[in-house]
Amino acid sequence: MSLSQADVLRALELVKLPASGQSLAASGRIGDILVDGGKVIFAIGIDATEAAAMEPVRKAAESAVGGLPGVTQVLVGLTADKAGPSAGMQARQQAQRPGPGGAPKPAGVPGVKQIIAVASGKGGVGKSTTAANLAVALSTLGLKVGVLDSDIYGPSMPKIFGIKGKPQIVSGRTLAPMEAYGLKVMSIGFLVDEETPMIWRGPMVISAITQMLREVAWGDLDVLVVDMPPGTGDAQLTMAQQVPLAGAVIVSTPQDLALLDARRGVAMFRKVAVPILGLVENMSYFTCPACGHRSDIFAHGGARHEAERLSIPFLGEIPLAMPIRETSDGGRPIVASDPSSAHAKAYVALARQVQASLGGAVRAAPRIVIE
């Protein structure tokens, strides 16, 4: 007999709220419940002032659902969605405070020296491919690197890195990251079936991202590369505020429509006082592999001009090329699978600029070069 949402709610009837004694199932606090085989994920809505008092309830809910036949893993988050200001409203209010000194500094991740975001104002510009190859390139420069795929609605890292299987539980709620090409990788794609639609509201997305960030045994990392969700909505803004980002890389294609959204991405990070490491022009040009003719399919040079206009670094041009697409689809990022190619060298050049921008906090250590 397969597990259902009704089974989960019946288990939660045994969990009582501390103040009223009402069952958690009847309280209206349970958000969307995702059941994927033996894995169950849901959020409990709280007021921001209830966080400490509701932590035992969260643990009790986790225990109650974990005792159901067939359940192998339970992820339960607390989110300020049902009562009080929403997470998105809190993010907007905090972003509108004058000066970066008004907001508390986000807590770091133990063992992780620097966290950088790879973001885009819209989807479809090659952000995830750029993030993956940037991470591998930073690793070849001698850094210990991890990748957090925070694109909950469209996780790409399992496919790009060719990773199969599920992460193991180290202790309690802490998961061991998956590994590929010398990197530590975590994605919601490892926890749910790839065809399962993620029909979640913003607060649930933030809860899942926070768990993947803080309840994963990352170990000692020089850099954690976060593949951000595309866009500049509540989820992205809250993520930028809750994670201690050392900087952001913005990915765009050259045409005006994409650059309009890239400007919004730059503006969002500036609002929350996250340094802009630079702008990347992806799909910058196409060179025909048969005749060598170059075509500027999406125009050319727009990102460079936009970077100059916004007074941010321009990190380089990545071409629209079949080898990049083929290696990404095949689970073999081109920097790892063909490091001597011109395309791989473009990503390494990008990584060198990012490393330089991060400064002395990230020092290269001897590493084995990926063959």
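Glu55, Arg58 and Glu62 are joined in a network of salt bridges, a salt bridge being a side-chain nitrogen of Lys or Arg within 4 Å of a carboxyl oxygen of Asp or Glu. The model is a predicted one, in which local features need pLDDT of at least 70 and side-chain atom pairs count only at pLDDT 80 or more, while totals for chains, interfaces and linings use all residues. Residues are numbered from 1 along each chain as its sequence is written, and side-chain values use heavy atoms, with hydrogens and water left out.

An α-helix has 3.6 residues a turn, so residues three or four places apart point the same way. Arg58 counts as buried at 7% relative accessibility, whereas Glu55 is partly exposed at 26%, where buried means under 20% relative accessible area, exposed over 50% and partly exposed in between (1.4 Å probe, protein chains only).

By the salt-bridge rule the count comes to 14, and another of these pairs is Glu306 with Arg309, whose closest N and O atoms are 2.9 Å apart. Glu306 is buried, with a relative accessible area of 5%, but Arg309 is exposed at 54%.

Helix H10 (residues 322-329) has Ile324, Thr327 and Ser328 as its buried residues. Seen down the axis of H10, these buried residues fall within an arc of 100°, so they line one face of the helix, the arc being that of the directions from the helix axis to the C-beta atoms. What covers them includes helix H4 (127-140), helix H5 (157-160), strand S15 (314-318), helix H11 (334-337) and helix H12 (342-358), where contact means heavy atoms within 4.5 Å.

A further salt bridge links Arg325 with Glu326, and here the closest N and O atoms are 4.0 Å apart. Arg325 is partly exposed at 44% relative accessibility, and Glu326 is likewise partly exposed, at 37%. After H10 comes Gly331, whose phi is positive, near 75°.

Definitions and conventions: Helix = DSSP H or I, 4+ residues; strand = E, 2+ residues; numbered from the N terminus.
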